[in-house]
Amino acid sequence: MIIIESKRKSLESLKAKYPDAMIIDVTSKAQDEFVQFSPFYPNGGIPVPFTDGLVAVCVEGIWQGLKVFENADVDRSFFSKRDMKNLKRTVRKYGKCLGHRKGVHGEELLDYLTARKLIYLPCYKWVLENRLQKLVTAVRIISKNKPVVLLDYNTNPDVNNPKSPLSHASLIKAYIEGNYPE
């Protein structure tokens with residue numbers, strides 16, 4: 001069994017609630033190899049959707065790099081950021097977000113949910129399949145023997161809910177359980 005919980009909850013309360021579980025932090029603040037599950041982690045070689053031959057270092061770099069604002073278009077520099085810092089592009093700095101460009105040179109701007117489905121989900125799945133198979137297998141094996149609690153800052157598992165950022169921990173769970181959203 002895999003359970004998603006908020007990283008903001010105290011470790012003590014989580015241990016009390018799930019006394020037999022293995023608690024795994026999958027955020028960018030994790031202190032072990034499971035940090036590699038973070039969308040901010042520089043797993044490298046991730047194909048940028050709808051852009052032949054271009055790869056990026058991390059999923060969040062692709063997500064932020066393809067954002068288009070009132071005062072800023074695509075920013076390819078985000079595709080090469082390796083330090084897991086300064087990976088957010090904000091409306092405060094760039095004006096209203098107009099959408100995500102469908103590819104670096106694409107004409108089409110995707111709305112938030114469409115971008116989530118056509119950019120974020122495939123990029124994160126690519127990382128799970130091509131960079132994190134050993135860790136995915138480890139979590140799968142552990143979860144067969146005892147509950148696994150995955151900690152994430154966001155706990156929204158609903159791809160179609162635009163009111164809250166999507167939980168990447170929920171994507172790990174879905175992938176392991178064989179129901180990754182397409």
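Begin with the largest pocket, which holds about 670 Å³ of space. A pocket here is an open set of points on a 1 Å grid over the protein atoms alone, where a 1.4 Å probe fits, with protein on both sides within 12 Å along at least five of seven lines; lining residues have an atom within 4 Å of a point. Its volume is the space filled by probe spheres set on the points, with grid points joined across faces, edges and corners. Select Phe 40, Glu 60, Lys 88, Asn 154 and Pro 165: of the 30 lining residues, these are the closest to the centre of the pocket. Helix 2, strand 6 (97–101) and helix 4 each supply at least two residues of the lining. Helices (H or I, at least four residues) and strands (E, at least two) are DSSP runs, numbered from the N terminus.

Two notes before moving on. The model is predicted, so local features need pLDDT of at least 70 and side-chain atom pairs count only at pLDDT 80 or more, while totals for chains, interfaces and linings use all residues. Residues are numbered from 1 along each chain as its sequence is written, and side-chain values use heavy atoms, with hydrogens and water left out.

**Stop: strands around strand 6**

Select strand 6 with strand 5 (residues 67–69); the two pair in the antiparallel sense over 3 bridges. Two strands count as paired if DSSP finds at least two bridges between them. Val 68 has Gly 99 in strand 6 as its bridge partner.

Next, pick Leu 110, which lies in strand 7 (residues 109–110). Is Leu 110 buried or exposed? At 3% relative accessibility, Leu 110 counts as buried. The cut-offs are under 20% relative accessible area for buried and over 50% for exposed, with partly exposed in between (1.4 Å probe, protein chains only). Leaving out residues up to four places away in sequence, Leu 110 touches Gly 99, His 100, Lys 102, Ala 115, Leu 118 and Ile 119. Contact means heavy atoms within 4.5 Å.

Strand 1 pairs with strand 8 (residues 148–152) over 5 bridges, and strand 2 pairs with strand 8 over 4 bridges. Ile 4 stands opposite Leu 150.

Which way do the side chains of strand 8 point? Val 148, Leu 150 and Asp 152 point one way, Val 149 and Leu 151 the other, and all are buried.

**Stop: the nonpolar cores**

The largest nonpolar core has 41 residues, of which Phe 37, Ile 62, Tyr 124 and Leu 128 touch the most other members. Such a core is a set of buried Ala, Val, Leu, Ile, Met, Phe, Trp, Tyr and Cys residues joined through side-chain atoms within 4.5 Å. Helix 4 gives the largest share, 8 residues. Another core of 6 residues lies apart from it, among them Ile 3, Leu 14, Tyr 18 and Leu 151.

Select Tyr 124, in helix 4. Tyr 124 is buried, with a relative accessible area of 1%. Beyond residues up to four places away in sequence, its contacts include Phe 37, Pro 39, His 168 and Ile 172.

**Last stop: helix 6**

Helix 6 is mostly covered, with 8 of its 9 residues buried. The cover of these buried residues includes strand 1, helix 4, helix 5 and strand 8.
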